[in-house]
Amino acid sequence: MDEKKVKRIGVLTSGGDAPGMNAAVRAVVRTAMSQGIQCVGIRRGWNGLVFSDFVPLKSSDVSHILAAGGTILYTARSQEFLTEEGRQKAVSTCKLLGLDAVVAIGGDGTFRGALELSRLGLDVVGIPATIDNDVGCSHYTIGFDSACNTAIECIDKLRDTMQSHERCSVVEVMGRHAGYLALYVGLAVGATAVLIPERPVDFEKDVVERIRQSRLMGNTHFMIVVAEGAGSAVDIGNRIREETGMDPRVTVLGHIQRGGSPTARDREMATRMGYAAVMALVRGEGNCIVCTHDGHLVTKPIEQALAETKHLQMERYEVLEAMHARN
Ligand code: F6P
């Protein structure tokens, strides 16, 4: 992107919603205002550009959304944008609206869309937001902390009734193909076992033996956390029933994990990322993603960022195992 002055930008949220998306939208709009840049809200993800679905955003339009879950701009996983025709329509909408750039808030799918758009000549800056925390270029994604806290709150409640009935509970958490949510939550609730896609499951060792050891430690209720990418909680529950004779209860937390007011961490991160995205454009730095790296915010070119991968820190699994040590 050259040094020409940015006058008007679009902002959109795309993919699965995540608590903190609104805080990021607010930060983008407010920072843009502070730099004399006009803002247009693009609704329903990339579909908003394909179908000209937009709303002008002033500072007052984003008042009181900092603490709200969901996204005021709505979100979608656009099928139309995956086609050449759809992307051409999106570029036409940007021209019609006089947009110099678009800030896209979402996950990897959103950023692949951003890359396609940038290849057609539009400047795009990405902000990572997904409860899965599975964006390879960024250590952290907006929404992860809130989703963990929601899951923990639910599982703490489950524990009360599981403890009273001396039962085994199998809880499925989201995360798509990643186990970040399951492992963090498993550590935070003191799970008996955690099953994640990053680690092949040995049912006898990872589940049955864990329950046995926990029983020997004196426990009479057991909490098994399953990442959706590691298998179905219903299947795991059935297998536990067959192999242990217990009568487990299965809970799929589902979309409840994506709702609710963002935590302090997500509000703060979203605000800083929104600011950083607009300031990158002001510096003439387009086609990048705002990422966290060792606690700092950095920008990385989209193509390079999309090629990056990150790995779940398996030390966390070792910590979990140590919590089951017995003398
Ligand atoms: O990517 C966020 C996420 O919530 C995943 O954890 C989950 O697999 C998926 O979205 C669910 O998508 P949908 O909202 O389309 O059911």
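Which residues lie nearest the centre of the largest pocket? Select Arg77, Asp108, Gly109, Arg112 and Arg176: of the 41 lining residues, these lie nearest the centre. A pocket here is an open set of points on a 1 Å grid over the protein atoms alone, where a 1.4 Å probe fits, with protein on both sides within 12 Å along at least five of seven lines; lining residues have an atom within 4 Å of a point.

Before you go on: this is a predicted model, where local features need pLDDT of at least 70 and side-chain atom pairs count only at pLDDT 80 or more, while totals for chains, interfaces and linings use all residues. Residues are numbered from 1 along each chain as its sequence is written, and side-chain values use heavy atoms, leaving out hydrogens and water.

Helix H4 gives the most to the lining of the largest pocket: six residues. Now colour the lining by type, and you'll get 11 nonpolar, 17 polar and 13 charged residues, with Gly counted as polar.

Time for the ligand. Select what's around it (a heavy atom within 4 Å): among these residues are Arg77, Met174, Gly175, Arg176, His255 and Arg258.

- Gly175: a backbone N or O atom lies 3.1 Å from a ligand oxygen.
- His255: a side-chain N or O atom is 2.9 Å from a ligand oxygen.
- Arg258: a polar side-chain atom lies 2.8 Å from a ligand oxygen.

Last stop: the second largest pocket, with about 270 Å³ of space. To find it, select Asn133, His139, Tyr140, Tyr184 and Gln313, which are the closest to its centre among its 16 lining residues.

Technical notes
Helices (H or I, at least four residues) and strands (E, at least two) are DSSP runs, numbered from the N terminus. Grid points are joined across faces, edges and corners, and a volume is the space filled by probe spheres set on the points. A polar contact is a pair of N or O atoms within 3.5 Å; within protein, one must be able to donate a hydrogen and the other to accept it, and residues adjacent in sequence count only if both atoms are side-chain atoms.
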